[in-house]
Amino acid sequence: MDVVKAVETYITKLVSTPSAMKVILLDTHTTPIVSLASTQSTLLSHQVYLTDRIDNGSRNAMPHMKCVCFLQPSEDSIEAVCAELREPKYGEYYLYFSNVLSKSTIERLAEVDEFEVVREVQEYFADYAPLLPCLFSLNHTPTVNRPLCSSSPNKWDNSALERSVQGIIAVLLSLKKRPVIRYEKMSGMAKKLANEVQHRIQTESTLFDFRLTQVAPLLLVLDRRNDPVTPLLSQWTYQAIVHELLGIQNGRVNLNMVPDISSELSEITLTPSTDPFFQAHYLATFGDLGTSLKNYVQSYQSRSLAQSPSAINSISDMKRFVEEYPEFRKLGGNVSKHVALVGELSRLVERDHLLDVGEIEQGLATSSGCDFKTVQALLANNTVPAWNKLRVVILYALRYQKTQTSNIATLINLLLSNGASREEARLVYVFLNIAGSDQRQDDLFSTGSLLAKGRSALKGLKGVENVYTQHTPHLSQTLENLFRGRLKETSYPFVDGTGPNLSLQRPQDIIIFMIGGTTYEEARTVALLNQESASTGTRVLLGGTCVHNSSSYVEMVRAAAEGFPASVYEPPPESASSAPALNLNLGGVNVSLGGPGGSGVYRTSSDNVGIQAEGIRDGVRNLFGKVKQGVDKMGLP
């Protein structure tokens with residue numbers, strides 16, 4: 001269930017043949033896949049001396065070279081191959097495609113191969129980006145030109161549906177899995193995709209003729225609309241905060257906009273497979289990162305002393321220096337990269353007041369709740385960027401949609417008077433209409449039954465280790481219910497044609513696909529869960545149409561709304577809850593369940609301060625201070 005190893009195996013196979021000097025030609029789709037799964041040195045070790053694009057018409061003819069093509073079987077790439085074969089620039093061609101080839105496509109390739117230069121045609125199912133061993137992406141971030149939906153949030157765009165089916169089929173074939181399929185019942189898109197994948201598996205039954213396991217693997221198709229909260233939040237773990245504030249595109253981070261950045265650090269590679277420090281700390285909270293980075297720098301400094309001229313006193317010292325210098329130089333570059341990266345993250349956190357914003361976001365996203373006046377104060381703060389204010393108002397509206405409609409309207413007006421445009425402000429109602437409580441099948445905020453409210457609120461009494469990482473994605477609860485056999489078939493039905501009592505079985509291999517994109521916070525949840533369940537043999541793989549940060553997610557919703565009826569911009573018809581408030585007083589802590597104030601945990605002994613006491617807040621601030629001070633003080637020799 002390791003997608004990085006699966007794709008690495010395919011890439012190694014395709015560059016190993018023939019055993020001669022060769023060129024590798026890629027297209028726009030396969031270029032990032034190869035860059036994620038292989039390195040330049042690995043390609044060179046297999047005698048790949050040139051990497052180019054199939055659509056580059058200015059390539060020189062090299063008839064003495066062999067050519068390996070790794071392409072997606074899309075119309076554009078097939079046409080480019082046909083044009084190449086009509087006027088071949090290389091002596092031999094080995095064609096590998098990232099997904100299933102139709103019979104007509106094979107016939108078309110055979111017809112244009114008049115010079116008989118094609119030696120091999122194969123399917124290598126690496127039609128997805130392997131971002132982490134437990135995370136893959138189809139690299140389809142929806143835009144106006146490449147939409148996910150058509151005329152409503154429940155209807156697929158045909159091209160997006162076909163791309164998602166192809167991507168999932170490639171994942172299943174590369175891992176040799178023939179799963180049973182479940183989907184979220186309230187999502188028309190999830191049902192459509194699940195049925196299409198099942199149909200494709202049956203159509204290509206010979207490809208899926210794998211050895212049967214005692215319990216079949218499970219493919220669970222989810223819809224981003226059932227949890228709109230997770231991608232809206234500020235992130236506080238290393239990989240997630242880099243993606244949130246700077247963006248990670250296929251393992252690369254653009255630092256061109258960073259003040260005084262050196263040219264060699266203007267674009268950096270950030271993947272666990274090629275970076276040992278990132279491998280060890282990509283799941284770590286940003287506060288803990290300061291200590292780890294300081295130790296990393298000190299380790300480099302101690303090694304630099306050992307490499308200084310004064311430390312070379314003999315022939316054996318010189319030999320050791322020559323042997324260790326390449327690794328030492330590589331270490332120095334990696335230290336510089338992470339110091340620059342963490343320094344920029346610290347600058348952005350301070351500039352945009354993300355500690356204040358993040359604390360409010362976490363309250364809105366968890367059982368702690370958030371006071372209306374606190375949100376008003378944030379919106380009135382001119383130093384907080386309008387973008388962060390918009391995210392907070394959307395979160396407030398999603399949480400209190402049914403209970404505080406007047407407050408939501410007040411916040412939207414406050415948003416407009418504090419820097420937000422009307423186009424941005426109306427996105428609040430777009431979110432309520434697309435992913436509000438009436439569109440979600442699960443209770444995100446534990447505001448449903450009285451028992452759920454009490455259980456969620458009392459959970460807060462155990463204390464909070466870090467106020468900025470209280471939130472756990474809804475996916476975590478879904479997986480917990482699945483592991484315990486409690487994932488209701490009425491809410492997550494099986495695709496037609498599966499046997500009885502399957503919901504009672506505990507699958508060992510679980511593949512989650514999130515329509516509308518997943519997040520690095522959810523990937524962290526899956527990675528930690530895999531570590532915990534290693535002894536039981538349960539393995540979870542997460543994938544999605546793309547990996548979102550808050551800006552890409554809001555942009556996806558904004559672009560999608562342009563294709564929906566105009567009513568998507570209007571306030572939804574809501575009615576305030578008529579249920580009476582129920583308050584429990586437990587030793588100075590008030591647990592509020594229901595009522596206009598919403599559910600939450602509050603101290604009654606001190607000025608309505610929430611469960612996140614000042615001491616905890618100050619402690620976390622000190623953690624971020626440590627990062628900033630550490631980076632400021634660190635100087636590389």
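**Entry 1: terms and ground rules**

I start with a term: a nonpolar core is a set of buried Ala, Val, Leu, Ile, Met, Phe, Trp, Tyr and Cys residues joined through side-chain atoms within 4.5 Å. Buried means under 20% relative accessible area, exposed over 50%, and partly exposed in between, with a 1.4 Å probe and protein chains only. I note that this is a predicted model, in which local features need pLDDT of at least 70 and side-chain atom pairs count only at pLDDT 80 or more, while totals for chains, interfaces and linings use all residues. Residues are numbered from 1 along each chain as its sequence is written, and side-chain values use heavy atoms, with hydrogens and water left out.

**Entry 2: the cores**

I looked up the largest nonpolar core, and it has 100 residues. Which members touch the most others? Leu 193 and Val 197 do. Helix α6 (residues 158–175) gives the most to this core, with ten residues. Helices (H or I, at least four residues) and strands (E, at least two) are DSSP runs, numbered from the N terminus. I then checked Val 197: leaving out residues up to four places away in sequence, it touches Val 165, Ile 168, Ile 169, Leu 172, Ile 181 and Leu 219. Contact here means heavy atoms within 4.5 Å.

**Entry 3: the whole chain**

I counted 22 helices and 16 strands in the protein chain. Of its 637 residues, 53% are buried. Among contacts between residues at least 6 apart in sequence, 79% join residues at least 24 apart.

Where pLDDT is low, the predicted coordinates should not be read in detail.

**Entry 4: the five-stranded sheet**

I found an open sheet of five strands, ordered β2-β1-β3-β4-β5, with parallel pairing. β2 (48–53) and β5 (118–123) are the edge strands with a single partner each, so one side of each has no neighbour in the sheet. From one strand to the next, the twist averages 20°. Two strands pair if DSSP finds at least two bridges between them. Strands β3 (residues 62–71) and β4 (residues 90–97) pair in the parallel sense over seven bridges. Two of the bridge partners I looked up: Leu 71 goes with Phe 97 in β4, and Cys 69 goes with Leu 95 in β4. Seven of the eight residues of β4 are buried.

Helix α4 (residues 75–86) lies across β1 (22–26), β3, β4 and β5, at about 165° to β4. Such angles run from 0 to 180 degrees between N-to-C directions, with axes fitted as lines to C-alpha atoms, for helices over the stretch in contact.

**Entry 5: the six-stranded sheet**

I moved on to an open sheet of six strands with mixed pairing, in the order β6-β7-β13-β12-β9-β8. Here β6 and β8 are at the edges with one partner strand each, so one side of each is left without a neighbour in the sheet. β8 and β9 run parallel and are joined by four bridges. Arg 182 stands opposite Leu 220 in β9. Helix α1 packs on this sheet, touching β6, β7 (135–137) and β13, and its direction makes about 140° with that of β6.

**Entry 6**

How many of the eight residues of helix α2 (residues 30–37) are buried? Six are, so this helix is largely enclosed by the rest of the structure. The buried ones are Thr 30, Pro 32, Ile 33, Val 34, Leu 36 and Ala 37. Their cover includes α1 (3–16), β1, β3 and β6 (129–132).

In helix α19 (residues 474–483), I see His 474, Leu 475, Thr 478, Leu 479 and Leu 482 buried. They pack against β8 (180–183), β9 (218–223), β12 (509–515), α20 (520–532) and β13 (539–544). After α19 comes Gly 485, with a positive phi near 75°.
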